[in-house]
Amino acid sequence: MDDQPLGGRDPLAEGGPQAAACPAGSAVSGTMVKGPDAALVPLYGSVAVSVPGLGTLQVGRDEDGLFAIDPACTHSKCPTVLKASGLWECPCHNSRFTYDGAKLDGPASGPLKRYTVCRLADGTTLIDTKS
């Protein structure tokens, strides 16, 4: 896998693809939790969202749109950090993950957990915590 997934692109550039529109009638309830306004999520950056029962998720944006990721390393649950290179790095045991959460190297047992994000008409996002 690529150690430089952003290929020199600015991780804080504005804009980029949006999340898919939420199904009609979608609202905060059950497994659907409120995320950030879609316009606040920078391309190749992330916005932290506190989710009851899950802790802090990071909402990111790449070429395919918005997604949420649990930044807890799959090795020992240490919180990973998004570096300027676009990689999530674990400070505890040096596992590394691509921007979209795929495991690159280190003792992690697998990829970071991802969640689907959809966008309401007003730009608010919903995170599906069952995905």
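Residues are numbered from 1 along each chain as its sequence is written. In this predicted model, local features need pLDDT of at least 70 and side-chain atom pairs count only at pLDDT 80 or more, whereas totals for chains, interfaces and linings use all residues; side-chain values use heavy atoms, with hydrogens and water left out.

**View 1. The protein chain has eleven strands and zero helices.** Helices (H or I, at least four residues) and strands (E, at least two) are DSSP runs, numbered from the N terminus. Of the 131 residues of the protein chain, 44% are buried, where buried means under 20% relative accessible area, exposed over 50%, and partly exposed in between (1.4 Å probe, protein chains only). The accessible surface is about 6,500 Å², and 55% of it belongs to carbon and sulfur atoms, as computed by the Shrake-Rupley method with a 1.4 Å probe; for residues, only the protein chains shown count as cover. Among contacts (heavy atoms within 4.5 Å) between residues at least 6 apart in sequence, 52% join residues at least 24 apart.

**View 2. Strands β6, β7, β8 and β9 form an open sheet in the order β6-β7-β8-β9, with antiparallel pairing.** The edge strands, each pairing on one side only, are β6 (81-82) and β9 (103-105). Two strands pair if DSSP finds at least two bridges between them, and two bridges join the antiparallel strands β7 and β8. E89 stands opposite R96 in β8.

**View 3. T125 lies in strand β11, which spans residues 124-128.** T125 counts as buried, with a relative accessibility of 0%. The side chain of T125 reaches the backbone oxygen of P36 at 2.6 Å. Not counting residues up to four places away in sequence, T125 touches V33, K34, G35, P36, A38, L66, V117, C118 and R119.

**View 4. Y44 is found in the loop between β2 (32-37) and β3 (46-51).** The phi angle of Y44 is near 65 degrees, a positive value in a residue other than glycine. With a relative accessible area of 5%, Y44 is buried.

**View 5. N94 is placed in the loop between β7 (88-89) and β8 (96-97).** For N94, phi is near 70 degrees, again a positive value in a residue other than glycine. N94 is exposed, with a relative accessible area of 58%.

Conventions
A polar contact is a pair of N or O atoms within 3.5 Å; within protein, one must be able to donate a hydrogen and the other to accept it, and residues adjacent in sequence count only if both atoms are side-chain atoms.
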